[in-house]
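Please read the following briefing beside the sequence and the three-dimensional view. The notes are grouped by topic.

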Amino acid sequence: MSTFTSNTSINKPISEVYAFLADFNNHQKLMPENIQEWVSTTDEAHFSIQNMAKLSLKIESRIPDQEIIIVPTAKPPFDLKLKWSLSFDNDHTNILFTIDADLNMMMKMLASGPLQKLADHETNSLTEILS
């Protein structure tokens, strides 16, 4: 299993950050430009990655003000789990975004860079939107 992480800290209450992330409709704002055909509900999102693959994801579990776990609804090119972990420290919400991907050696060479860029892009976008 390969793990890609990115973290940020936002000067907002944890409940506000959690409420934003708990609704999949908001996640489109976090995605890079190569994400197309986005369709979402509060719990699921379907989209395509330009010139690559179509993905369907769902929020598998929510622990209020702590954690959101996202998994594929259809078989992706490789097993995948996304997790948003939240904690509150003084007046800041600390956010850790983790992508766990089961990559074989070839996929690891191809996908490691883009998956790390995705993790960084999502946390940077979240910081811009909520700051």
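Against which elements do the buried residues of α1 pack? They pack against β4 (54–63), β5 (67–72), β6 (80–89), β7 (92–101) and α2 (105–130), where contact means heavy atoms within 4.5 Å. This is a predicted model, in which local features need pLDDT of at least 70 and side-chain atom pairs count only at pLDDT 80 or more, while totals for chains, interfaces and linings use all residues. Residues are numbered from 1 along each chain as its sequence is written, and side-chain values use heavy atoms, with hydrogens and water left out.

**Helix α1**
- In helix α1 (residues 14–21), the buried residues are Ile14, Val17, Tyr18, Phe20 and Leu21, buried meaning under 20% relative accessible area, exposed over 50% and partly exposed in between (1.4 Å probe, protein chains only).
- These buried residues line one face of α1, because they fall within an arc of 160° when seen down the helix axis, the arc being that of the directions from the axis to the C-beta atoms.

**Helix α2**
- Ser125 lies in helix α2 and counts as buried at 10% relative accessibility; setting aside residues up to four places away in sequence, Ser125 touches Lys29 and Leu30.
- Leu110, also found in helix α2, counts as exposed at 56% relative accessibility.

**Strands β2 and β3**
- Strand β2 (residues 35–40) and strand β3 (residues 44–49) pair in the antiparallel sense over 4 bridges, pairing requiring that DSSP finds at least two bridges between two strands.
- A hairpin through 3 residues joins β2 to β3, and Ile35 stands opposite Ile49 in β3.
- Helices (H or I, at least four residues) and strands (E, at least two) are DSSP runs, numbered from the N terminus.
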